[in-house]
Amino acid sequence: MAVLGLAACGFPAGAPIESDVLSEASAKDPSFAVVEVTPQNLPIVAEWPSTGWRGHYRWLQAGGGARSSVIRPGDRVDLVIWDNQQNSLLTVPNTRSTPMKGLDVSPAGTIFVPYVGEVVVNGLTPERARLTVQNEIERIAPSAQVQLSMVPGEGNTVDLVRGVPRPGPVQLTSRNVTILSLLSQGGGISPNMRNPLVRLIRNGKTYEIRAEDLLSDASRNIVMRGGDKVIVDEDERFFVSAGATGDRIVNFDREHITAMEALSMAGGLNEMRADPKGILILRDYPANAVDPNGIKGPTMQQVVFTVDLTSADSLFAARKFRVNPGDLVMVTESAMVGVSALVGLVADALLVRNRF
C-alpha cells in the first residue's frame, strides 16, 4: 500500500512519449496528419509549399559595367565652353571661356545650353555627353570646344540604410561599383550582428542573401545601380526545439537546415532520455496549401513528420529533410524513462518501509 501511495503521488513530467503525441492521429476525425520521413516521401514533401519563408533566398547574378557613370535625371552638369574667335556668341568679350555650372538634368534627361537649346544627355557617359554638346555647339561656333563634368544626383546614388557603421547615401563614381565595395565604404558589416543577411531593394523588388555566402562567392558580388537601397539585418528565422533535448529557440545559421542538423544544433539526443524512434517535426501549413490528394500539398493544415533514427532509410532521409522556419522539433522521451522512474520510486518506498 505504501508503494502504491507513493506511486500515486506521481513524479515530475518529462518530455512526452511518441504514442501520447500521435494518439489522436488514429481518431475518427484527427486534427493533424502524420507523414513518415522516408526516401519515398521526400520527393512528395519537397513539392509542398514552403512555410515560414519563401523557401530560398533570391539574389542577382554578378555582371560588370563600364568604368564611367552615366548621366541620369537629377544629376548636375558643369560645362566650360572655350572659343578663341572674336565676337563669339558663347564667350564674354576679352575672355576665351565661359563656365556654365550647375545645369540640372531635367526629368526628360536634357540640359539647356544657351543658343543651342535642350540637349539630351540621359544615359550617356560624361565623355559621350561632352561630344554631344560639342556637336550641337559647333553648328553656331565651329571653333568652340567643350569641357564637361558631372555631379551625381539621386539617380546615381545608393542608400546604405542600416547594418553598417556609416549608413547613408553613397554616390556611384562609376558603373562598376559592386555591393562589396559599397559595404566597404560604409565601414563593413557591423561585427556584432548575428547571422547577417544582406537585403537589396531594386525597382520595387527585394533580393536577399546571407552575408557569408556573399563574401565567399565572387559571382554574387553584383554591380550597384542608382536608386538601389541596401539593408543589412540579422537573419530572424528560427525553429523551436522541445522535449528530451530541452526547450529552446534555435536560430538558423545557414540557408537550409536538415532534420539531422537541427537535432545537432538543439544539443543532440540524450541517450538516457530520448527515444530515437520518436523524433517529431510539427508544422503548420496555410489553408490554401491543403490538397486532399496529398500531392501538391498536405492533406491537412497541421502535419507531424516522424523520424525513426533506428531505421537506415529514415536516417538517410533525415539528412535531406529540410526543417522550415517556425517548425517545432520535438524529441519524445523513451518509455523506459518512465519505467525507470517508477522502479526508483518503488525501491525508495521499500527502503522507507524497512527503516520503520
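The paragraphs below go from the whole chain to individual side chains.

This is a predicted model, in which local features need pLDDT of at least 70 and side-chain atom pairs count only at pLDDT 80 or more, while totals for chains, interfaces and linings use all residues. Residues are numbered from 1 along each chain as its sequence is written, and side-chain values use heavy atoms, with hydrogens and water left out.

The secondary structure of the protein comes to nine helices and 18 strands, where helices (H or I, at least four residues) and strands (E, at least two) are DSSP runs numbered from the N terminus. Of its 356 residues, 39% count as buried; buried means under 20% relative accessible area, exposed means over 50%, and partly exposed lies in between, with a 1.4 Å probe and protein chains only. The protein exposes about 19,700 Å², of which carbon and sulfur atoms supply 53%, the areas coming from the Shrake-Rupley method with a 1.4 Å probe and, for residues, with only the protein chains shown counting as cover. Among contacts (heavy atoms within 4.5 Å) with a separation of 6 or more, 67% are accounted for by residues 24 or more positions apart.

In soluble globular proteins, nonpolar side chains tend to be buried together. A nonpolar core here is a set of buried Ala, Val, Leu, Ile, Met, Phe, Trp, Tyr and Cys residues joined through side-chain atoms within 4.5 Å. The largest such core has 28 residues, and those with the most contacts inside it are Phe239, Ile281, Phe305, Val307, Phe321 and Val323. At least two residues of this core come from each of helix H3 (42-46), helix H7 (259-265), strand S15 (274-284), strand S16 (302-307), helix H8 (312-318) and strand S18 (328-333). A second, separate core of 21 residues includes Val170, Ile179, Val198 and Ile209. To return to phenylalanine 239, its contacts beyond the neighbours within four places in sequence include Ile249, Val250, Phe252, Met265, Val323 and Val329.

A pair of aromatic rings is described by the distance of the centres and the angle of the planes. Rings of Phe, Tyr and Trp (its six-membered ring) pair if their centres lie within 6.5 Å, and planes under 30 degrees apart count as stacked, over 60 as edge-to-face and the rest as tilted. By this rule the count comes to five aromatic pairs. In one of them, the rings of tryptophan 48 and tyrosine 285 have centres 6.0 Å apart and planes at 80 degrees, so the pair is edge-to-face. This pair links distant parts of the chain, 237 residues apart, with tryptophan 48 in the loop between H3 and strand S2 (76-82) and tyrosine 285 in the loop between S15 and S16; both residues are buried. Tryptophan 53 and tyrosine 57 also form an edge-to-face pair, at 5.2 Å centre to centre and 70 degrees between the planes.

Which residue lies over the face of tryptophan 53? Arginine 237 does, at 4.4 Å from the ring centre, where a charge sits over a ring if NZ of Lys or CZ of Arg is within 6 Å of the ring centre and within 35 degrees of the ring normal. Tryptophan 53 counts as buried because its relative accessible area is 17%, and tyrosine 57 is buried at 11%.

Another arginine, arginine 199, lies in strand S9 (residues 196-202) and is buried, with a relative accessible area of 18%. Its side chain is joined to that of glutamate 208 by a polar contact of 2.8 Å; such a contact is a pair of N or O atoms within 3.5 Å, and within protein one must be able to donate a hydrogen and the other to accept it, with residues adjacent in sequence counting only if both atoms are side-chain atoms.

Most residues other than glycine have a negative phi, and most peptide bonds are trans. Asparagine 195, in the loop between helix H5 (179-185) and S9, has a positive phi of about 45 degrees. Asparagine 203, in the loop between S9 and strand S10 (205-210), has a positive phi near 55 degrees and is exposed, with a relative accessible area of 70%.
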